[in-house]
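Thank you for making time for this today.

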Amino acid sequence: SSEAAELARKLLSHVDLGEKTGNIQRIMNLPPESSLCSADASMYCHFVTALLDNLSANALRNAEEDRMFDAIVLRCPPEDLLLVLASALQRYSKSYRRDKVTALLSKFVQGDHLYRLLVGQCRRDASGLSDESSWPALETILVSLPERVVNSRDQNIPDVLTTQAYFVSLLNCVFRALCYARDEVIRGVNVHVVFLSRLLGRVCTIGQAELVEKQFVPKLVLQCQSDFIFRRICCKIVTCAPDSCLENVIVVLLSALNDYDHVDWFMADSVCTHSKLKYLLATKLPLMRTFNRSIILQNLIGYLASSERRRPVFLDLVKEVLSVWGDKTLMKHQSEQQQKYLTSALMISVGHIKITGCEKATADSIMSKLLHGVGSHIASPEEWIRTYGMIVAEQFTAVLQPEGPKLNFEYKLDDDISDLLSLTDVTTKRQDPQIKASLEEVISTEEKKPEAAKANNVQDELDSDDDLEPFDMSHDTPNASKKPMYLRDCMEGLLEQENKDWMESCLQTVSKLIQTCKDELQDVAEELSKILIYLDDKFCTARFDALRQQALVTLAVNSPKTVATYLTTQFYDSNLNIRQRLDILEVLALASSQLASAGVPLASPRVEKTVSSITDAHWKTVVMERVKAKTRIISKGRATTVEPTKNRFSDVAGYFFYPLMSYYDRKENTFDLLGEDSFVLARLICTLGIVQDSAANCPRSVHMAVCLLEFVSALKYHTDACVRDAVLFTLSVIFINVPMNLLLSSGEQELVEIREWLQLVVAKDSFDACRLKAAQVLQLLVSQVNKEVPVSDK
């Protein structure tokens with residue numbers, strides 16, 4: 001439609017489609033069921049990939065555009081579409097795009113697309129146009145789609161893409177495709193089911209054998225009961241399975257059938273011409289494996305014994321089982337379960353020999369092996385082995401030599417022996433409880449389908465809203481309240497150049513997303529920091545600076561190492577302006593203070609603080625320290641217990657601190673800390689002081705304090721008052737938070753020089769604020785030193 005074409009042009013507005021526009025429009029106007037030539041399919045596949053790659057969280061404004069977008073994508077040929085969506089699911093990170101791909105996969109499975117994919121492979125294979133090199137990739141995606149979705153989303157998996165529901169849908173589509181193949185054969189059209197056979201083999205191999213056994217095979221049995229053409233198709237499905245999957249398919253089939261006559265429907269006489277199948281049925285399954293359910297052996301041996309053409313294979317199997325069963329060396333290493341399994345095979349075999357009989361030469365050969373085996377069993381010290389030998393001897397001699405003397409051993413007839421003896425009656429079709437329950441469930445489901453379809457049609461008629469008058473939504477603005485759900489979508493929205501509402505919504509939401517999207521934060525933290533630092537107020541957004549700073553502080557609190565490393569590196573970069581450098585310093589100061597705050601969770605950072613409020617609060621602390629030093633405390637009253645909490649800033653303090661002191665004396669074209677940009681230097685010193693204060697009581701705080709003393713000592717005679725004020729603030733932080741004995745041991749001469757400088761500032765500084773603060777710091781220094789070494793304060 002023209003609306004869909006307009007939507008596609010909008011999404012790909014910056015992509016030059018050139019002459020392809022007309023062809024794409026032509027394909028979009030075709031019915032969904034129509035097939036495309038190879039060139040058109042390839043072009044449309046690339047077109048859909050471009051649509052998905054250019055889809056953003058705010059691109060689809062309403063439900064109608066969302067529906068049109070889905071229709072455009074789902075118009076792609078199903079096999080190509082599945083490959084595109086699976087690739088996109090793996091390629092996209094956590095974002096709106098990935099959610100949209102998951103939703104499209106849900107529609108792909110729920111609709112007829114999966115069925116059309118399977119039917120398409122039957123058609124193409126029959127016409128000789130199928131490219132079998134693409135089959136392994138297609139099979140792998142089909143059998144691993146639920147795991148791919150789980151690995152990409154972790155939670156909120158659509159119901160239709162859960163493992164159980166998906167494979168039920170897949171097997172239903174396989175069954176429908178087989179019915180389609182049957183209909184085509186009736187019409188005289190050549191079809192092939194090799195792809196379906198390969199797919200079924202993969203499904204049985206990856207752990208879904210029980211689902212195939214209980215839900216898929218019973219449907220085939222019901223269809224085969226009166227449909228001979230469908231039996232031929234089922235036989236092709238089983239015998240064309242790849243050798244790597246054939247064993248699993250055969251085991252599932254033998255486990256699901258309740259009558260060995262049904263095995264002939266699925267394998268015919270293929271055992272005589274298919275070497276791999278003959279090896280499985282005549283060697284591996286009866287001799288090398290064991291199964292708890294006797295139905296597998298009953299179906300296997302009954303299938304081989306029920307046809308004249310297959311009977312030689314059956315008689316050879318009887319001889320081989322007798323040889324293994326009676327081997328003394330093997331008996332020493334076999335468990336009771338293995339011996340019982342081989343004995344069960346012999347009991348079933350003797351029942352079929354009783355019905356069909358065998359030639360005298362064959363009977364003599366079997367008798368010779370039987371006598372050797374029975375002798376080995378009778379000579380065993382284990383009672384259960386001797387018992388197995390007795391019942392096998394009784395049953396075989398009665399069948400092979402009906403006119404000879406009857407053997408009659410004395411043994412205890414328990415439940416196990418009774419079960420073994422009952423296996424000789426192969427004329428009575430015993431119902432396996434599991435198979436019977438599965439078959440009844442499938443029959444019940446098939447009977448309810450017409451009633452459910454009729455009820456749905458009635459409900460659709462009742463729910464029709466054709467007679468309702470539609471609302472006028474011409475002035476509706478659903479996109480105005482839309483908010484991003486993922487960090488990557490939010491980052492794209494922050495870079496939005498045209499949509500003002502979406503950009504503002506992203507800016508207002510980014511702080512919350514940083515707190516909630518912890519799993520992807522580390523991957524995008526540095527890139528998001530870059531976006532926020534370089535973000536401009538293009539749309540005159542209300543509270544732009546506050547929201548931007550809040551986002552940066554929240555980001556630094558939740559990913560401190562990555563963000564602090566990036567911001568401290570960028571601070572000395574030549575591409576930033578003065579405003580951005582000041583923003584970096586403020587973010588580092590506020591984030592370090594927040595990380596050091598006790599009892600405040602990371603999920604709710606307090607960004608209402610400012611650097612000025614932190615410094616003002618600190619000077620009040622300095623005054624309280626002076627008052628405390630001169631106050632005689634008689635009683636402190638009842639002591640309050642403070643629960644210790646870990647300083648979250650301790651592990652990352654170095655990333656905030658040391659890089660900021662690098663290159664401060666380096667001149668850049670746009671940045672001169674020791675010259676005209678001295679107010680930035682003052683803010684830098686103040687930030688280092690706040691970081692030092694946040695690292696109080698951390699193991700590295702002493703080393704940080706010594707480095708900071710050396711740093712400010714070189715700047716204490718600066719001519720600008722703002723720099724001297726910042727130096728005084730930093731010194732007060734050091735003297736309050738670091739034990740004086742550690743400072744004295746690290747650099748006593750430096751402390752003496754600082755004391756002399758403080759006295760000079762008190763006496764001669766031209767700014768009253770500096771003189772007042774210098775006096776407070778001097779008193780603080782003297783009081784701290786007096787605790788260690790009494791000295792005069794004059």
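Let me begin with a term: a residue is called buried when its relative accessible area is under 20%. What we have here is a predicted model, and please keep that in mind throughout. With a relative accessible area of 1%, Cys-76 is buried by that cut-off, and Cys-686, at 11%, is buried as well.

How far is the sulfur of Cys-76 from the closest cysteine sulfur? That closest sulfur belongs to Cys-45 and lies 4.9 Å away, which is too far for a bond, because a disulfide needs the two sulfur atoms within 2.5 Å. Counted by this rule, the structure comes to zero disulfides.

Let me turn to the salt bridges, of which a search of the whole structure finds 34. I have picked out a few that link separate parts of the chain.

In one of them, the side chains of Arg-293 and Glu-213 meet with an N to O distance of 3.0 Å. Arg-293 sits in the loop between α15 (275-288) and α16 (295-305), while Glu-213 belongs to helix α11, so the pair ties together parts that lie 80 residues apart in sequence. Glu-213 itself counts as buried, at 15% relative accessibility.

Another salt bridge joins the side chains of Glu-586 and Arg-683, at 4.0 Å from N to O. This pair links distant parts of the chain, since Glu-586 is in helix α29 (residues 578-596) and Arg-683 is in helix α32 (residues 678-694), 97 residues apart. The two partners fall into separate accessibility classes: Glu-586 counts as buried, at 12%, whereas Arg-683, at 27%, counts as partly exposed.

A further salt bridge is formed by Arg-724 and Asp-765, whose closest N and O atoms are 2.8 Å apart. Elsewhere, salt bridges with shared partners join Asp-66, Asp-70, Lys-100 and Lys-107 into one network.

Arg-771 counts as partly exposed, at 26% relative accessibility. Which residues does Arg-771 contact, leaving aside its neighbours within four places in sequence? They are Val-761, Val-762, Asp-765 and Ser-766. The C-alpha atom of Arg-771 is separated by 9.2 Å from that of Gln-759, twelve residues apart along the chain.

Finally, the helix contacts. Two packed helices are described by the angle between their axes and by the distance between those axes.

The axes of helix α11 (residues 209-224) and α12 come within 8 Å and cross at roughly 145°. Leu-220, Gln-223 and Cys-224 of α11 meet Phe-230, Arg-231 and Cys-234 of α12, which by class makes four nonpolar, one polar and one charged residues.

Helix α12 (residues 228-239) also packs against helix α14 (residues 260-267), with axes that come within 6 Å and cross at roughly 75°, and these two helices are therefore roughly perpendicular to each other. On the α12 side, the contact is made by Arg-231, Cys-234, Cys-235 and Val-238, and on the α14 side by Trp-265, Phe-266 and Met-267. By class, this contact has six nonpolar, no polar and one charged residues.

Key:
Residues numbered from 1 in each chain as written. Predicted model: local features only at pLDDT ≥ 70, side-chain atom pairs only at ≥ 80, totals over all residues. Heavy atoms only, no water. Axes fitted to C-alpha atoms, helices over the stretch in contact; angles between N-to-C directions. Helix = DSSP H or I, 4+ residues; strand = E, 2+ residues; numbered from the N terminus. Parallel < 35°, antiparallel > 145°, perpendicular 65-115°, else oblique. Contact = heavy atoms within 4.5 Å. Nonpolar A, V, L, I, M, F, W, Y, C, P; charged D, E, K, R; others polar. Buried < 20%, exposed > 50% of the residue type's maximum accessible area, 1.4 Å probe, protein only.
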